[in-house]
Amino acid sequence: MTAQGPLAGLRVLDFSRLLPGPFCSLILADLGADVIKVEDLASGDYLRWMPPLAGEVNVGFAWLNRGKRSVCLQLRHPDGRVAARRLASGADILIESFRPGVMDSMGLGYDTLAVPNPRLIYSSITGYGQSGPLSQRAGHDINYLARSGAASVTGTRDGTPVPSGLQVADLGGGALLAAVGILAALNQRARTGRGARVDTSMTDGAMALLALQGAEALFTGASPAPGGGLLSGSVPCYRYYRCADGQFVAVGALEPKFWERLCAALELPELCGDGLAQGPRRAEVEAALEARFASRPRAEWLAVLEAVDCCVDPVLGLAEAFDSPHAHARGMRVEIPHGAETLVQAGNPVRVNGWQPTPSSAPERGSHTREVLREAGYSEEEVDGLLGEQVVA
């Protein structure tokens with residue numbers, strides 16, 4: 001294992017709030033970067049105060065912002081903007097998620113900050129990107145999935161779209177792809193010595209994730225309906241089935257060998273050739289599997305299928321998933337100190353030479369303001385003056 005994380009030595013300024021930007025900077029923090037979360041004096045990151053709370057902090061905020069430092073700056077005040085620019089002059093990476101033009105209006109746009117710091121990598125995560133007719137439009141994950149076409153293939157067989165339980169556009173299309181862009185820009189900087197502007201649109205990202213569905217629709221001219229795609233419920237071998245106790249199993253037996261093994265284990269050998277059945281035959285096959293799985297509780301079926309290599313797994317609740325032996329073995333359940341409490345969170349999923357960070361809690365708002373400003377060259381007297389004028393907190 002390396003002594004330090006693979007991104008040790010990199011400093012990140014994160015001006016973002018809520019979910020996509022903080023998740024992006026969490027990835028960088030978990031890999032060893034020094035992430036400084038910049039919050040305003042009024043309320044800070046809105047997520048801090050939303051329930052459910054552990055003490056006075058939202059548990060999701062505690063997860064997304066672990067291992068970071070926090071400074072509070074009044075960006076509406078000229079001296080607050082000066083402080084932000086001084087911090088940016090020593091940063092490697094800046095992350096922001098305001099609408100296009102907001103950072104420019106405060107004198108914190110890329111073109112301004114790149115003059116004193118040409119090595120700066122400036123990452124903007126927005127709903128619709130820095131350009132285009134929708135660039136100024138407000139939105140959330142459900143809007144980006146709708147605009148990208150992703151919502152049209154996620155839903156029930158009657159054609160009704162269903163909101164995703166996981167924020168796919170925010171996290172997959174936004175945070176993860178922004179992290180990819182940042183890492184690409186770091187590699188480019190290593191070759192050229194210059195930073196870059198990274199423009200990540202969550203709608204663009206969601207469209208890019210539609211590799212199979214999008215390719216089919218653009219080739220055939222017909223979009224798969226909700227529940228009508230190969231991987232969204234249109235075939236018996238790839239869907240969820242309810243067991244006798246109301247619990248579900250996930251069947252992903254797409255390949256004939258897995259489907260045949262499953263049919264043998266279920267004592268339904270007559271269905272061995274019907275994993276991809278359509279039309280009336282699909283309804284017959286699904287009804288047979290539904291009846292068979294409904295005849296026993298989930299635990300009994302798992303005992304039967306445990307030794308059968310057929311791509312069947314339990315649909316776990318979140319508490320079950322985080323307490324599973326595999327999650328423990330992979331280090332995906334970590335316990336983070338949080339005041340008098342201990343919070344369970346997901347660990348770092350990216351292993352580079354086995355690197356795992358030492359768990360640490362999310363910062364209190366402004367708890368590192370003095371420390372970070374001193375690192376930026378402010379004297380103790382100057383920091384005291386800014387605190388007294390409520391430019392920082």
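Strand E6 (residues 93-96) points Ile93 and Ile95 one way and Leu94 and Glu96 the other way, and all are buried (under 20% relative accessible area, with a 1.4 Å probe and protein chains only). This is a predicted model: local features need pLDDT of at least 70, side-chain atom pairs count only at pLDDT 80 or more, and totals for chains, interfaces and linings use all residues. Residues are numbered from 1 along each chain as its sequence is written, and side-chain values use heavy atoms, without hydrogens and water.

Strands here are DSSP runs of E with at least two residues, and helices are runs of H or I with at least four, numbered from the N terminus. Two strands pair if DSSP finds at least two bridges between them.

| Strand pair | Sense | Bridges | Opposite residues |
|---|---|---|---|
| E1 (residues 11-14) and E6 | parallel | three | Val12 and Ile93 |
| E6 and E7 (residues 121-126) | parallel | four | Ile93 and Ile121 |

Now the helices. H6 (residues 141-148) and H7 (residues 168-192) pack at about 70°, with their axes 8 Å apart. Axes are lines fitted to C-alpha atoms, for helices over the stretch in contact, and angles run from 0 to 180 degrees between N-to-C directions. H6 and H7 are therefore roughly perpendicular (65 to 115 degrees). Asp141, Tyr144 and Leu145 of H6 make the contact with Val168, Ala169 and Asp170 of H7; contact means heavy atoms within 4.5 Å.

Definitions and conventions: Buried means under 20% relative accessible area, exposed over 50%, partly exposed in between (1.4 Å probe, protein chains only). Angles under 35 degrees count as roughly parallel, over 145 as roughly antiparallel, 65 to 115 as roughly perpendicular and the rest as oblique.
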